[in-house]
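Please keep the sequence and the model in view while reading.

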Amino acid sequence: MAFASYQKAARTLAGVAHALADAHGVDDQLTAEAEVMISAILSGPEHLPSVAARAGHWAPEMDEVADSLRAADLPTDMAEATARVLAFWEQDEDRYDLPVVHTLSQLRSGRSTQTGPDNKQGPGR
């Protein structure tokens, strides 16, 4: 189920990203950018503390992504959900030295100090 959650979500998100790029006429640029990316996201969990460390910066960006998707008449759910998940890591902002086990435990803790879209309290509040 863990692999299925990643595989299906990643492919679905890629579809939404391509639809947004197509709506703005930048689909070739998106494809070119993706071709140069080194992707070991699932096989290299040691990068997760750096994701958590940037979560405070990335969550607002995901809100902007949701706005862009909405303007292109595309589904916003995945961008909004990503912002809500990033909120679990808000307290670890700029802490790149944390162990992976800590980063993973933050997702299970139910603690989030950030409000999500629609000004609702984040998970666990």
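Thr 76 lies in the loop between H3 and H4. Apart from neighbours within four places in sequence, Thr 76 is in contact with Ala 66, Leu 69 and Arg 70, contact meaning heavy atoms within 4.5 Å.

The model is predicted: local features need pLDDT of at least 70, side-chain atom pairs count only at pLDDT 80 or more, and totals for chains, interfaces and linings use all residues. Residues are numbered from 1 along each chain as its sequence is written, and side-chain values use heavy atoms, with hydrogens and water left out.

The chain contains five helices and zero strands, where helices (H or I, at least four residues) and strands (E, at least two) are DSSP runs numbered from the N terminus. Along the sequence the pattern is α-α-α-α-α. Of the 125 residues in the chain, 27% are buried. Among contacts between residues at least 6 apart in sequence, 56% join residues at least 24 apart.

What is the span of helix H1? Its 22 residues (residues 2-23) should span 32 Å at 1.5 Å a residue, and the end C-alpha atoms are 32 Å apart, which agrees; the expected span is 1.5 Å times one less than the number of residues. Gln 7, Val 16, Leu 20 and Ala 21 are buried in H1, and the buried residues of H1 pack against helix H2 (27-35) and helix H3 (48-71). Just after H1, Gly 25 adopts a positive phi of about 70°.

The helix pairs can now be taken in turn. Two packed helices are described by the angle between their axes and the distance between the axes. Axes here are lines fitted to C-alpha atoms, for helices over the stretch in contact, and angles run from 0 to 180 degrees between N-to-C directions.

The axes of H1 and H2 come within 7 Å and cross at roughly 140°. That makes H1 oblique to H2, since angles under 35 degrees count as roughly parallel, over 145 as roughly antiparallel, 65 to 115 as roughly perpendicular and the rest as oblique. In this pair Ala 17, His 18, Ala 21 and Asp 22 of H1 meet Asp 27, Leu 30 and Thr 31 of H2. The contact of H1 with H2 has three nonpolar, two polar and two charged residues; Ala, Val, Leu, Ile, Met, Phe, Trp, Tyr, Cys and Pro count as nonpolar, Asp, Glu, Lys and Arg as charged, and the others, Gly among them, as polar.

H3 and helix H4 (residues 77-86) pack at an angle of about 160°, with their axes 8 Å apart, and are therefore roughly antiparallel to each other. Residues of H3 in this contact include Trp 58, Met 62 and Leu 69, and those of H4 include Ala 79, Thr 82 and Leu 86. By class, the contact of H3 with H4 has 11 nonpolar, one polar and three charged residues.

H3 also packs with helix H5 (residues 100-108): their axes come within 8 Å and cross at roughly 55°. That makes H3 oblique to H5. Leu 48, Pro 49 and Ala 52 in H3 meet Val 100, Thr 103 and Leu 104 in H5. The contact of H3 with H5 comprises five nonpolar, one polar and no charged residues.

Note on methods
Buried means under 20% relative accessible area, exposed over 50%, partly exposed in between (1.4 Å probe, protein chains only).
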